[in-house]
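Colleague: I am new to this one. Could you walk me through it, question by question?

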Amino acid sequence: MGAGCWLLLASLAATSRAKAFGRCQLAHLLQREGLDGYRGYSLADWLCMAFYESNFDTATKSINADSSTNFGIFQINNRLWCTDERSPSENLCRVACADLLTSDITDDIICAKRIVRRPQGMDAWEDWAMHCKGRDLSEWLEGCDL
């Protein structure tokens, strides 16, 4: 196999790996993707939620008491929003749960926007409701040069 093929394979593997974002790095990305003010939620709301859900780590996976699993930086649940080999799902985001565990969070953002459009809004994320809702979240953007 030529050097060019190895380089291509290495770059493809690198893009599919999980990633732990820095706070400001994630803030810039979420702002670019239109989450600041989306459905009335500030960029700080999204950062606070992502921190408490996953500590900004796309590889985060957690199993709930009902045996469903949450995936990725926004901890998107396989019961309704994504599909995996373990559980039946409505797959309302039309995404494989494994795709929510990679460094490319485009599909995570698209799905999170779909979730927040429902009547429950960001209350769908218990950690956001418990740690972020109704609080001064300005500290989440401090020093990020937005």
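**Helix, sheet and disulfides**

Modeller: Start just after helix 2, where glycine 34 takes a positive phi of about 85°. Helices (H or I, at least four residues) and strands (E, at least two) are DSSP runs, numbered from the N terminus. This is a predicted model: local features need pLDDT of at least 70, side-chain atom pairs count only at pLDDT 80 or more, and totals for chains, interfaces and linings use all residues. Residues are numbered from 1 along each chain as its sequence is written, and side-chain values use heavy atoms, with hydrogens and water left out.

Colleague: Which residues are buried in helix 2?

Modeller: Buried means under 20% relative accessible area, with exposed over 50% and partly exposed in between (1.4 Å probe, protein chains only). Helix 2 covers residues 23-32. What covers its buried residues includes helix 3 (43-54) and helix 4 (106-116). The buried residues are Leu26, Ala27, Leu29 and Leu30.

Colleague: Which strands stand at the edges of the sheet?

Modeller: The sheet is open, has 3 strands in the order 1-2-3, and its pairing is antiparallel. Each edge strand has a single partner strand, so one side of each is left without a neighbour in the sheet. They are strand 1 (61-63) and strand 3 (76-77).

Colleague: What is the bridge partner of phenylalanine 71 in strand 3?

Modeller: Two strands pair if DSSP finds at least two bridges between them. Here 2 bridges join strand 2 (residues 69-71) to strand 3. The partner of phenylalanine 71 is isoleucine 76.

Colleague: What pattern do the disulfides follow?

Modeller: A disulfide is a pair of cysteine sulfur atoms within 2.5 Å. The structure holds 4 of them. With bonded cysteines counted along the chain, the pattern is 1-8, 2-7, 3-5, 4-6.

Colleague: How many residues apart in sequence are the parts tied together by cysteine 24 and cysteine 144?

Modeller: The sulfur atoms of cysteine 24 and cysteine 144 are 2.1 Å apart. Cysteine 24 lies in helix 2 and cysteine 144 in the segment after helix 5 (126-131), so the pair ties together parts that are apart in sequence by 120 residues.

Colleague: Is the link of cysteine 48 and cysteine 132 left-handed or right-handed?

Modeller: Their sulfur atoms are 2.0 Å apart. Cysteine 48 sits in helix 3 and cysteine 132 in the segment after helix 5, 84 residues apart. With -85° about the S-S bond, the link of cysteine 48 and cysteine 132 is left-handed.

Colleague: Are cysteine 82 and cysteine 97 buried or exposed?

Modeller: They form a disulfide, with sulfur atoms 2.0 Å apart. With 95° about the S-S bond, the link of cysteine 82 and cysteine 97 is right-handed. Both cysteine 82 and cysteine 97 are buried.

Notes
Contact means heavy atoms within 4.5 Å.
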